[in-house]
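Happy to go through this one with you.

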Amino acid sequence: MSTNQQVSPEQRRYQALAKKHTPKPPVLRHAVAAFIAGGLVSVVGQFLTNLYARLLHLTPDKAGNPAVATMILIGALLTGFGVYDRLARLAGAGLAVPVTGFANSIVAEALEFKREGLIYGVGGRMFTLAGAVIVYGVVTAFFVGLFKALVK
Amino acid sequence: MASGATLRARPAPRRIGKQTVQFENPPAIIATGTVVGPLEGKGPLGHLFDHVTEDELVGQKSFERAEQMMLQNAAYTALNKAGLTPEDMDYMLSGDLLNQLITSSFSALAVGVPVFGLYGACATSAEGLGLGAMLLDGGFANYVMVATASHNRTAERQYRYPNEYGFQRKPHAQRTATAAGAAILARNGEGPRVTIATTGKVVDRGIKDPYNVGAAMAPAAASTILTHLQDTGRRPQDYDLIATGDLALYGHRLLVELGRTEGGIDLEPVLDDCGLMLYGQDQEVGAGASGSGCSAAVTFASILKDMRDGRYKRVLVAATGALHSPCSFQQGEYIPTICHAVSLEV
(Lines give C-alpha, C1' and ligand atoms only; values in the text may rest on other atoms or scores of the structure.)
Protein backbone atom coordinates (compact mmCIF):
# COMPACT_ATOMS: atom_id res chain seq x y z
CA MET A 1 0.00 0.00 0.00
CA SER A 2 1.23 3.42 -0.84
CA THR A 3 0.85 6.43 1.34
CA ASN A 4 0.10 8.95 -1.35
CA GLN A 5 -1.59 11.57 0.77
CA GLN A 6 -0.46 14.11 3.31
CA VAL A 7 -1.58 13.61 6.88
CA SER A 8 -2.98 16.73 8.49
CA PRO A 9 -2.41 17.38 12.20
CA GLU A 10 -6.14 16.84 12.74
CA GLN A 11 -5.95 13.43 11.07
CA ARG A 12 -2.86 12.52 13.06
CA ARG A 13 -4.62 13.41 16.31
CA TYR A 14 -7.65 11.34 15.39
CA GLN A 15 -5.51 8.39 14.30
CA ALA A 16 -3.98 8.35 17.77
CA LEU A 17 -7.40 8.60 19.43
CA ALA A 18 -8.84 5.81 17.25
CA LYS A 19 -5.84 3.63 18.02
CA LYS A 20 -6.46 4.11 21.72
CA HIS A 21 -10.07 2.97 21.31
CA THR A 22 -9.41 0.08 18.91
CA PRO A 23 -8.89 -3.24 20.68
CA LYS A 24 -5.65 -5.07 20.09
CA PRO A 25 -5.98 -8.62 18.73
CA PRO A 26 -5.23 -11.26 21.38
CA VAL A 27 -1.79 -12.04 19.93
CA LEU A 28 -0.72 -14.60 22.52
CA ARG A 29 -3.96 -16.57 22.22
CA HIS A 30 -3.68 -16.47 18.43
CA ALA A 31 -0.08 -17.64 18.56
CA VAL A 32 -0.91 -20.57 20.86
CA ALA A 33 -3.92 -21.55 18.72
CA ALA A 34 -1.80 -21.32 15.55
CA PHE A 35 0.97 -23.39 17.14
CA ILE A 36 -1.42 -26.16 18.19
CA ALA A 37 -3.44 -26.19 14.95
CA GLY A 38 -0.39 -25.97 12.71
CA GLY A 39 1.25 -28.73 14.74
CA LEU A 40 -1.79 -30.96 14.37
CA VAL A 41 -1.86 -30.41 10.60
CA SER A 42 1.83 -31.33 10.47
CA VAL A 43 1.23 -34.49 12.52
CA VAL A 44 -1.48 -35.56 10.06
CA GLY A 45 0.89 -34.80 7.18
CA GLN A 46 3.66 -36.84 8.78
CA PHE A 47 1.27 -39.71 9.47
CA LEU A 48 0.23 -39.73 5.79
CA THR A 49 3.86 -39.60 4.66
CA ASN A 50 4.74 -42.60 6.83
CA LEU A 51 1.61 -44.42 5.68
CA TYR A 52 2.39 -43.92 1.99
CA ALA A 53 6.04 -44.85 2.54
CA ARG A 54 4.97 -48.14 4.09
CA LEU A 55 2.03 -48.98 1.80
CA LEU A 56 3.61 -47.95 -1.51
CA HIS A 57 7.18 -48.85 -0.54
CA LEU A 58 8.45 -45.32 -1.20
CA THR A 59 11.38 -43.45 0.28
CA PRO A 60 10.27 -40.80 2.81
CA ASP A 61 11.23 -38.11 0.24
CA LYS A 62 8.99 -39.55 -2.46
CA ALA A 63 6.17 -40.34 0.00
CA GLY A 64 5.87 -36.59 0.67
CA ASN A 65 4.25 -35.99 -2.72
CA PRO A 66 1.11 -38.14 -2.32
CA ALA A 67 0.88 -36.93 1.30
CA VAL A 68 0.79 -33.27 0.19
CA ALA A 69 -1.77 -34.11 -2.49
CA THR A 70 -3.95 -35.78 0.14
CA MET A 71 -3.65 -32.77 2.46
CA ILE A 72 -4.75 -30.50 -0.41
CA LEU A 73 -7.73 -32.79 -1.04
CA ILE A 74 -8.67 -32.67 2.67
CA GLY A 75 -8.36 -28.86 2.70
CA ALA A 76 -10.50 -28.56 -0.42
CA LEU A 77 -13.16 -30.93 0.94
CA LEU A 78 -13.37 -29.15 4.29
CA THR A 79 -13.75 -25.86 2.39
CA GLY A 80 -16.52 -27.34 0.27
CA PHE A 81 -18.36 -28.60 3.35
CA GLY A 82 -18.14 -25.10 4.83
CA VAL A 83 -16.01 -26.20 7.79
CA TYR A 84 -12.59 -24.79 6.96
CA ASP A 85 -13.43 -21.12 7.44
CA ARG A 86 -14.93 -21.84 10.86
CA LEU A 87 -11.87 -23.80 11.99
CA ALA A 88 -9.52 -21.14 10.57
CA ARG A 89 -11.36 -18.42 12.49
CA LEU A 90 -10.06 -20.13 15.64
CA ALA A 91 -6.75 -21.48 14.38
CA GLY A 92 -5.61 -18.47 12.31
CA ALA A 93 -2.15 -18.90 10.85
CA GLY A 94 -2.17 -22.54 12.00
CA LEU A 95 -4.55 -23.30 9.15
CA ALA A 96 -3.58 -20.48 6.77
CA VAL A 97 0.12 -21.27 6.39
CA PRO A 98 0.05 -25.06 5.67
CA VAL A 99 -0.77 -26.29 2.17
CA THR A 100 -4.37 -26.87 3.30
CA GLY A 101 -4.76 -23.08 3.64
CA PHE A 102 -3.51 -22.65 0.10
CA ALA A 103 -6.13 -25.16 -1.06
CA ASN A 104 -8.76 -23.29 0.95
CA SER A 105 -7.97 -19.95 -0.71
CA ILE A 106 -8.31 -21.46 -4.21
CA VAL A 107 -11.43 -23.54 -3.57
CA ALA A 108 -13.15 -20.70 -1.70
CA GLU A 109 -12.68 -18.39 -4.69
CA ALA A 110 -13.82 -21.07 -7.14
CA LEU A 111 -16.96 -21.78 -5.11
CA GLU A 112 -17.73 -18.11 -4.58
CA PHE A 113 -17.59 -17.18 -8.24
CA LYS A 114 -19.08 -20.29 -9.87
CA ARG A 115 -22.27 -18.28 -10.49
CA GLU A 116 -20.29 -15.97 -12.76
CA GLY A 117 -19.63 -18.98 -15.00
CA LEU A 118 -16.73 -21.35 -15.63
CA ILE A 119 -14.58 -18.90 -17.60
CA TYR A 120 -14.86 -15.50 -15.89
CA GLY A 121 -15.99 -16.93 -12.56
CA VAL A 122 -14.18 -20.13 -11.61
CA GLY A 123 -11.28 -19.85 -14.08
CA GLY A 124 -10.70 -16.15 -13.80
CA ARG A 125 -11.13 -15.77 -10.05
CA MET A 126 -9.65 -18.98 -8.68
CA PHE A 127 -6.17 -17.57 -8.11
CA THR A 128 -7.16 -14.09 -6.92
CA LEU A 129 -5.85 -14.83 -3.42
CA ALA A 130 -3.39 -17.61 -4.27
CA GLY A 131 -1.92 -15.79 -7.28
CA ALA A 132 0.31 -13.56 -5.16
CA VAL A 133 1.68 -16.59 -3.30
CA ILE A 134 2.42 -18.38 -6.57
CA VAL A 135 4.03 -15.37 -8.26
CA TYR A 136 6.30 -14.43 -5.37
CA GLY A 137 6.99 -18.08 -4.54
CA VAL A 138 8.24 -18.67 -8.08
CA VAL A 139 10.24 -15.41 -8.12
CA THR A 140 11.86 -16.24 -4.77
CA ALA A 141 12.62 -19.80 -5.92
CA PHE A 142 14.23 -18.43 -9.07
CA PHE A 143 16.59 -16.13 -7.18
CA VAL A 144 17.41 -18.76 -4.56
CA GLY A 145 18.20 -21.20 -7.38
CA LEU A 146 20.33 -18.61 -9.14
CA PHE A 147 22.20 -17.84 -5.93
CA LYS A 148 22.79 -21.53 -5.29
CA ALA A 149 24.11 -22.10 -8.83
CA LEU A 150 26.46 -19.10 -8.61
CA VAL A 151 27.81 -19.97 -5.16
CA LYS A 152 28.53 -23.51 -6.26
CA MET B 1 -26.14 38.37 -13.30
CA ALA B 2 -28.81 40.57 -11.76
CA SER B 3 -31.24 37.70 -11.25
CA GLY B 4 -28.44 35.62 -9.74
CA ALA B 5 -27.79 38.34 -7.20
CA THR B 6 -31.45 38.56 -6.19
CA LEU B 7 -31.62 34.79 -5.83
CA ARG B 8 -28.65 34.85 -3.53
CA ALA B 9 -30.07 37.69 -1.49
CA ARG B 10 -33.32 35.88 -0.71
CA PRO B 11 -32.75 32.96 1.67
CA ALA B 12 -34.39 29.63 0.92
CA PRO B 13 -37.46 29.60 3.15
CA ARG B 14 -36.98 26.18 4.71
CA ARG B 15 -33.24 26.30 5.33
CA ILE B 16 -32.00 26.77 8.88
CA GLY B 17 -28.33 27.06 9.73
CA LYS B 18 -25.59 25.67 7.54
CA GLN B 19 -26.66 22.19 6.52
CA THR B 20 -30.22 21.79 7.75
CA VAL B 21 -33.75 22.09 6.39
CA GLN B 22 -36.93 22.27 8.44
CA PHE B 23 -40.12 21.06 6.76
CA GLU B 24 -43.20 23.26 6.68
CA ASN B 25 -45.57 20.31 6.44
CA PRO B 26 -43.54 17.44 7.88
CA PRO B 27 -44.31 14.22 5.96
CA ALA B 28 -45.43 11.15 7.90
CA ILE B 29 -43.95 7.68 7.74
CA ILE B 30 -47.24 5.83 7.27
CA ALA B 31 -45.96 2.27 6.86
CA THR B 32 -42.76 0.24 6.83
CA GLY B 33 -41.66 -3.21 5.74
CA THR B 34 -38.60 -5.07 7.04
CA VAL B 35 -37.02 -8.36 6.04
CA VAL B 36 -33.94 -9.81 7.75
CA GLY B 37 -31.75 -12.90 7.47
CA PRO B 38 -31.71 -15.82 9.92
CA LEU B 39 -28.95 -14.49 12.21
CA GLU B 40 -30.61 -11.08 12.48
CA GLY B 41 -33.91 -12.87 13.19
CA LYS B 42 -32.29 -14.59 16.19
CA GLY B 43 -31.11 -11.24 17.57
CA PRO B 44 -32.82 -9.21 20.29
CA LEU B 45 -35.04 -7.38 17.76
CA GLY B 46 -35.92 -10.54 15.82
CA HIS B 47 -39.60 -10.53 16.79
CA LEU B 48 -40.10 -6.96 15.48
CA PHE B 49 -39.23 -7.59 11.83
CA ASP B 50 -42.00 -8.37 9.35
CA HIS B 51 -40.19 -11.31 7.79
CA VAL B 52 -37.22 -13.44 8.82
CA THR B 53 -35.82 -15.56 6.00
CA GLU B 54 -35.05 -19.23 6.62
CA ASP B 55 -31.68 -19.07 4.94
CA GLU B 56 -29.45 -16.51 3.25
CA LEU B 57 -30.28 -17.63 -0.28
CA VAL B 58 -34.10 -17.28 0.05
CA GLY B 59 -34.57 -19.93 -2.66
CA GLN B 60 -32.71 -17.83 -5.24
CA LYS B 61 -29.84 -18.86 -7.51
CA SER B 62 -27.45 -16.24 -6.13
CA PHE B 63 -27.00 -14.09 -3.03
CA GLU B 64 -27.41 -10.99 -5.19
CA ARG B 65 -30.83 -12.26 -6.27
CA ALA B 66 -31.62 -13.02 -2.63
CA GLU B 67 -30.81 -9.43 -1.65
CA GLN B 68 -33.13 -8.13 -4.40
CA MET B 69 -35.94 -10.44 -3.28
CA MET B 70 -35.59 -9.18 0.29
CA LEU B 71 -35.77 -5.55 -0.83
CA GLN B 72 -38.83 -6.23 -2.99
CA ASN B 73 -40.46 -8.16 -0.16
CA ALA B 74 -39.86 -5.21 2.19
CA ALA B 75 -41.33 -2.82 -0.41
CA TYR B 76 -44.47 -4.89 -1.01
CA THR B 77 -44.93 -5.43 2.74
CA ALA B 78 -44.87 -1.68 3.32
CA LEU B 79 -47.32 -1.14 0.45
CA ASN B 80 -49.70 -3.80 1.82
CA LYS B 81 -49.62 -2.30 5.30
CA ALA B 82 -50.40 1.14 3.87
CA GLY B 83 -53.13 -0.27 1.66
CA LEU B 84 -51.44 1.21 -1.38
CA THR B 85 -50.17 -0.10 -4.71
CA PRO B 86 -46.95 0.68 -6.63
CA GLU B 87 -49.05 2.97 -8.87
CA ASP B 88 -49.70 5.21 -5.86
CA MET B 89 -45.97 5.82 -5.37
CA ASP B 90 -44.63 8.92 -7.08
CA TYR B 91 -40.99 8.09 -6.37
CA MET B 92 -38.86 5.37 -4.94
CA LEU B 93 -35.54 6.38 -3.37
CA SER B 94 -33.38 3.32 -3.08
CA GLY B 95 -29.78 2.48 -2.34
CA ASP B 96 -27.57 -0.49 -1.48
CA LEU B 97 -23.93 -1.48 -1.20
CA LEU B 98 -23.39 -3.40 -4.42
CA ASN B 99 -21.50 -2.02 -7.40
CA GLN B 100 -23.69 0.17 -9.65
CA LEU B 101 -26.61 -0.24 -7.17
CA ILE B 102 -27.80 -3.46 -8.80
CA THR B 103 -30.03 -4.41 -5.86
CA SER B 104 -31.92 -1.13 -6.10
CA SER B 105 -32.20 -1.08 -9.87
CA PHE B 106 -33.40 -4.68 -10.26
CA SER B 107 -35.87 -4.16 -7.41
CA ALA B 108 -37.16 -0.91 -8.90
CA LEU B 109 -37.56 -2.75 -12.20
CA ALA B 110 -39.76 -5.32 -10.44
CA VAL B 111 -41.78 -2.84 -8.39
CA GLY B 112 -42.13 -0.46 -11.35
CA VAL B 113 -41.98 2.91 -9.58
CA PRO B 114 -40.01 5.97 -10.84
CA VAL B 115 -36.74 5.73 -8.99
CA PHE B 116 -33.76 7.75 -7.82
CA GLY B 117 -30.76 5.58 -6.94
CA LEU B 118 -28.90 6.69 -3.82
CA TYR B 119 -25.42 5.80 -2.72
CA GLY B 120 -24.77 6.64 0.90
CA ALA B 121 -23.52 3.20 1.97
CA CYS B 122 -24.86 2.57 5.48
CA ALA B 123 -26.21 6.15 5.65
CA THR B 124 -28.76 5.46 2.89
CA SER B 125 -31.77 5.15 5.23
CA ALA B 126 -31.48 8.69 6.62
CA GLU B 127 -30.41 10.07 3.24
CA GLY B 128 -33.57 8.61 1.70
CA LEU B 129 -35.85 9.86 4.48
CA GLY B 130 -34.42 13.39 4.21
CA LEU B 131 -34.65 13.55 0.42
CA GLY B 132 -38.09 11.94 0.42
CA ALA B 133 -39.35 14.52 2.90
CA MET B 134 -37.95 17.29 0.65
CA LEU B 135 -39.83 15.88 -2.36
CA LEU B 136 -43.07 15.71 -0.38
CA ASP B 137 -42.77 19.05 1.40
CA GLY B 138 -41.78 20.69 -1.87
CA GLY B 139 -45.04 19.53 -3.38
CA PHE B 140 -43.45 17.19 -5.90
CA ALA B 141 -45.09 14.01 -4.64
CA ASN B 142 -47.88 12.58 -2.53
CA TYR B 143 -46.17 9.31 -1.69
CA VAL B 144 -42.49 8.41 -1.68
CA MET B 145 -41.00 5.04 -0.91
CA VAL B 146 -37.59 4.93 0.76
CA ALA B 147 -35.85 1.56 0.52
CA THR B 148 -32.46 0.01 1.12
CA ALA B 149 -30.92 -3.41 1.61
CA SER B 150 -27.64 -5.11 2.36
CA HIS B 151 -26.67 -8.77 2.40
CA ASN B 152 -23.81 -10.27 4.36
CA ARG B 153 -22.74 -12.69 1.62
CA THR B 154 -22.82 -10.21 -1.27
CA ALA B 155 -20.94 -7.59 0.75
CA GLU B 156 -18.30 -10.10 1.88
CA ARG B 157 -17.48 -11.15 -1.67
CA GLN B 158 -17.44 -7.57 -2.98
CA TYR B 159 -15.52 -5.88 -0.18
CA ARG B 160 -13.57 -8.64 1.53
CA TYR B 161 -12.91 -12.33 0.92
CA PRO B 162 -14.91 -15.22 -0.54
CA ASN B 163 -17.30 -16.59 2.07
CA GLU B 164 -15.54 -19.94 2.60
CA TYR B 165 -12.07 -18.42 2.93
CA GLY B 166 -10.62 -19.06 6.38
CA PHE B 167 -9.15 -16.05 8.15
CA GLN B 168 -9.18 -14.54 11.57
CA ARG B 169 -11.49 -11.59 12.01
CA LYS B 170 -10.19 -8.59 13.86
CA PRO B 171 -12.02 -7.89 17.13
CA HIS B 172 -13.16 -4.48 15.86
CA ALA B 173 -14.58 -5.84 12.58
CA GLN B 174 -18.31 -5.40 12.02
CA ARG B 175 -20.71 -7.80 10.34
CA THR B 176 -22.63 -6.55 7.32
CA ALA B 177 -26.25 -7.25 8.17
CA THR B 178 -28.54 -9.25 5.90
CA ALA B 179 -31.49 -6.90 6.08
CA ALA B 180 -33.86 -4.85 3.96
CA GLY B 181 -36.18 -2.06 4.89
CA ALA B 182 -38.75 0.05 3.09
CA ALA B 183 -40.75 3.00 4.38
CA ILE B 184 -43.60 4.91 2.80
CA LEU B 185 -43.60 8.65 3.35
CA ALA B 186 -46.83 10.53 2.77
CA ARG B 187 -47.77 14.20 2.50
CA ASN B 188 -50.91 13.50 4.48
CA GLY B 189 -51.25 10.62 6.86
CA GLU B 190 -50.67 9.26 10.32
CA GLY B 191 -47.34 8.25 11.77
CA PRO B 192 -44.06 9.63 13.07
CA ARG B 193 -43.06 12.69 11.04
CA VAL B 194 -39.80 13.70 9.44
CA THR B 195 -39.46 17.26 10.72
CA ILE B 196 -35.86 18.24 10.10
CA ALA B 197 -33.06 16.88 7.92
CA THR B 198 -29.35 17.64 8.18
CA THR B 199 -27.21 16.63 5.22
CA GLY B 200 -23.71 15.47 6.01
CA LYS B 201 -20.40 16.53 4.56
CA VAL B 202 -17.83 13.93 3.58
CA VAL B 203 -15.33 13.57 6.41
CA ASP B 204 -11.88 11.95 6.33
CA ARG B 205 -9.90 11.77 9.54
CA GLY B 206 -7.19 9.46 8.28
CA ILE B 207 -8.52 5.96 8.99
CA LYS B 208 -7.39 3.46 6.38
CA ASP B 209 -8.38 0.08 7.84
CA PRO B 210 -11.57 -1.06 6.04
CA TYR B 211 -12.31 -3.36 9.01
CA ASN B 212 -12.41 -0.33 11.29
CA VAL B 213 -15.28 1.56 9.66
CA GLY B 214 -16.81 2.37 13.04
CA ALA B 215 -13.76 4.42 13.95
CA ALA B 216 -13.65 5.94 10.45
CA MET B 217 -17.32 7.02 10.60
CA ALA B 218 -17.42 8.38 14.17
CA PRO B 219 -16.04 11.84 13.14
CA ALA B 220 -18.69 12.08 10.39
CA ALA B 221 -21.37 11.33 12.97
CA ALA B 222 -19.88 13.93 15.31
CA SER B 223 -19.75 16.50 12.51
CA THR B 224 -23.38 16.03 11.41
CA ILE B 225 -24.84 15.72 14.92
CA LEU B 226 -23.00 18.80 16.21
CA THR B 227 -23.95 20.79 13.10
CA HIS B 228 -27.55 19.66 13.48
CA LEU B 229 -27.66 20.81 17.11
CA GLN B 230 -26.08 24.12 16.18
CA ASP B 231 -28.39 24.70 13.19
CA THR B 232 -31.54 23.89 15.16
CA GLY B 233 -30.53 25.34 18.50
CA ARG B 234 -31.40 22.01 20.10
CA ARG B 235 -29.50 20.23 22.85
CA PRO B 236 -28.88 16.47 23.05
CA GLN B 237 -31.45 16.19 25.86
CA ASP B 238 -34.12 17.60 23.53
CA TYR B 239 -34.05 14.13 21.99
CA ASP B 240 -35.27 10.98 23.68
CA LEU B 241 -32.83 9.06 21.53
CA ILE B 242 -30.02 9.85 19.12
CA ALA B 243 -29.51 6.67 17.10
CA THR B 244 -26.38 6.55 14.99
CA GLY B 245 -26.25 4.35 11.88
CA ASP B 246 -23.75 1.68 12.58
CA LEU B 247 -20.70 2.78 14.47
CA ALA B 248 -20.70 -0.42 16.56
CA LEU B 249 -18.94 -0.71 19.89
CA TYR B 250 -15.67 1.16 19.32
CA GLY B 251 -17.02 3.81 16.95
CA HIS B 252 -19.77 4.52 19.49
CA ARG B 253 -17.19 5.12 22.22
CA LEU B 254 -15.19 7.37 19.89
CA LEU B 255 -18.30 9.44 19.10
CA VAL B 256 -19.00 9.96 22.82
CA GLU B 257 -15.43 11.19 23.24
CA LEU B 258 -15.59 13.43 20.13
CA GLY B 259 -18.84 14.94 21.42
CA ARG B 260 -17.06 15.90 24.62
CA THR B 261 -13.82 17.16 23.12
CA GLU B 262 -15.09 18.83 19.94
CA GLY B 263 -18.62 19.86 20.87
CA GLY B 264 -18.31 20.23 24.62
CA ILE B 265 -21.50 18.19 25.04
CA ASP B 266 -22.37 14.88 26.60
CA LEU B 267 -24.18 12.71 24.06
CA GLU B 268 -23.91 9.50 26.08
CA PRO B 269 -27.24 9.62 28.00
CA VAL B 270 -29.32 9.72 24.80
CA LEU B 271 -26.95 8.01 22.36
CA ASP B 272 -27.45 4.50 21.00
CA ASP B 273 -26.34 2.77 17.83
CA CYS B 274 -28.29 0.62 15.36
CA GLY B 275 -25.19 -1.54 14.90
CA LEU B 276 -25.28 -2.35 18.61
CA MET B 277 -29.02 -3.09 18.71
CA LEU B 278 -29.31 -5.61 15.89
CA TYR B 279 -27.30 -8.51 17.32
CA GLY B 280 -27.03 -10.01 20.78
CA GLN B 281 -23.71 -10.10 22.59
CA ASP B 282 -23.55 -13.89 22.24
CA GLN B 283 -23.82 -13.85 18.44
CA GLU B 284 -20.09 -13.54 17.70
CA VAL B 285 -20.35 -10.65 15.27
CA GLY B 286 -17.28 -8.70 16.37
CA ALA B 287 -17.98 -5.09 17.28
CA GLY B 288 -21.56 -5.09 15.93
CA ALA B 289 -23.55 -4.73 12.74
CA SER B 290 -23.03 -2.61 9.64
CA GLY B 291 -24.55 -2.40 6.18
CA SER B 292 -27.19 -0.16 4.68
CA GLY B 293 -29.95 -2.57 5.73
CA CYS B 294 -28.96 -2.33 9.39
CA SER B 295 -30.02 1.22 10.23
CA ALA B 296 -33.05 0.89 7.93
CA ALA B 297 -34.33 -2.33 9.53
CA VAL B 298 -33.62 -1.17 13.09
CA THR B 299 -35.15 2.29 12.54
CA PHE B 300 -38.21 1.08 10.64
CA ALA B 301 -39.00 -1.96 12.79
CA SER B 302 -37.88 -0.95 16.27
CA ILE B 303 -37.44 2.82 16.69
CA LEU B 304 -40.62 3.78 14.80
CA LYS B 305 -42.60 1.22 16.78
CA ASP B 306 -41.30 2.69 20.02
CA MET B 307 -42.39 6.11 18.74
CA ARG B 308 -45.88 4.91 17.86
CA ASP B 309 -46.12 3.22 21.28
CA GLY B 310 -45.25 6.52 22.93
CA ARG B 311 -41.88 5.47 24.33
CA TYR B 312 -40.07 8.14 22.32
CA LYS B 313 -41.45 11.51 21.26
CA ARG B 314 -38.47 12.80 19.35
CA VAL B 315 -35.61 10.80 17.84
CA LEU B 316 -32.62 11.83 15.77
CA VAL B 317 -31.59 9.10 13.35
CA ALA B 318 -28.01 9.82 12.32
CA ALA B 319 -27.09 7.09 9.83
CA THR B 320 -23.39 6.80 9.03
CA GLY B 321 -21.76 5.48 5.88
CA ALA B 322 -18.23 4.53 4.83
CA LEU B 323 -17.86 5.57 1.19
CA HIS B 324 -14.69 3.69 0.26
CA SER B 325 -14.48 1.01 -2.41
CA PRO B 326 -12.16 -2.00 -2.68
CA CYS B 327 -10.30 -0.01 -5.35
CA SER B 328 -9.80 3.07 -3.18
CA PHE B 329 -8.45 1.20 -0.15
CA GLN B 330 -6.17 -1.04 -2.22
CA GLN B 331 -4.71 2.17 -3.65
CA GLY B 332 -3.98 3.33 -0.12
CA GLU B 333 -6.64 6.02 0.19
CA TYR B 334 -8.21 6.86 3.52
CA ILE B 335 -11.88 6.01 4.07
CA PRO B 336 -14.21 8.90 3.22
CA THR B 337 -17.27 8.82 5.48
CA ILE B 338 -20.60 10.58 5.79
CA CYS B 339 -23.50 10.92 8.18
CA HIS B 340 -27.04 12.12 7.36
CA ALA B 341 -29.46 12.95 10.14
CA VAL B 342 -33.25 13.21 10.25
CA SER B 343 -35.34 14.25 13.20
CA LEU B 344 -38.41 12.07 13.67
CA GLU B 345 -41.24 13.32 15.86
CA VAL B 346 -44.69 12.15 16.94
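**Strand pairing and overall form**

Q: How many bridges join β10(B) to strand β15 of chain B?
A: This is a predicted model, and in it β10(B) and β15(B), residues 337–345, run antiparallel. The number of bridges joining the two strands is five.

Q: Which residue in β10(B) is the bridge partner of Gln22(B)?
A: Strand β2 of chain B covers residues 20–22, and β2(B) pairs with β10(B) in the antiparallel sense over three bridges. For Gln22(B), the bridge partner in β10(B) is Ile196(B).

Q: Why is strand β10 of chain B largely enclosed by the rest of the structure?
A: A residue is buried if 20 or more other C-beta atoms lie within 10 Å of its own. Strand β10(B) spans residues 193–198, and it is largely enclosed because, of its six residues, the number buried is five.

Q: How many helices and how many strands are there in chain A?
A: Let's turn to the other chain. From the N terminus on, the elements of chain A run α-α-α-α-α-α-α-α. That gives eight helices and zero strands.

Q: What radius of gyration does chain A have, against that of a compact globule of 152 residues?
A: The C-alpha atoms of chain A fill a box of roughly 70 × 45 × 40 Å along the principal axes. Buried residues make up 22% of the 152 residues in this chain. A compact globule of 152 residues would come out near 15 Å, but the radius of gyration of chain A is 21 Å.

Conventions. Residues numbered from 1 in each chain as written. Chains lettered and ligands numbered in written order. Predicted model: local features only at pLDDT ≥ 70, side-chain atom pairs only at ≥ 80, totals over all residues. Helix = DSSP H or I, 4+ residues; strand = E, 2+ residues; numbered from the N terminus. Rg over C-alpha atoms; globule rule 2.2 N^0.38 Å. Buried ≥ 20, exposed ≤ 12 C-beta atoms within 10 Å, placed from the backbone. Pairing = 2+ DSSP bridges.
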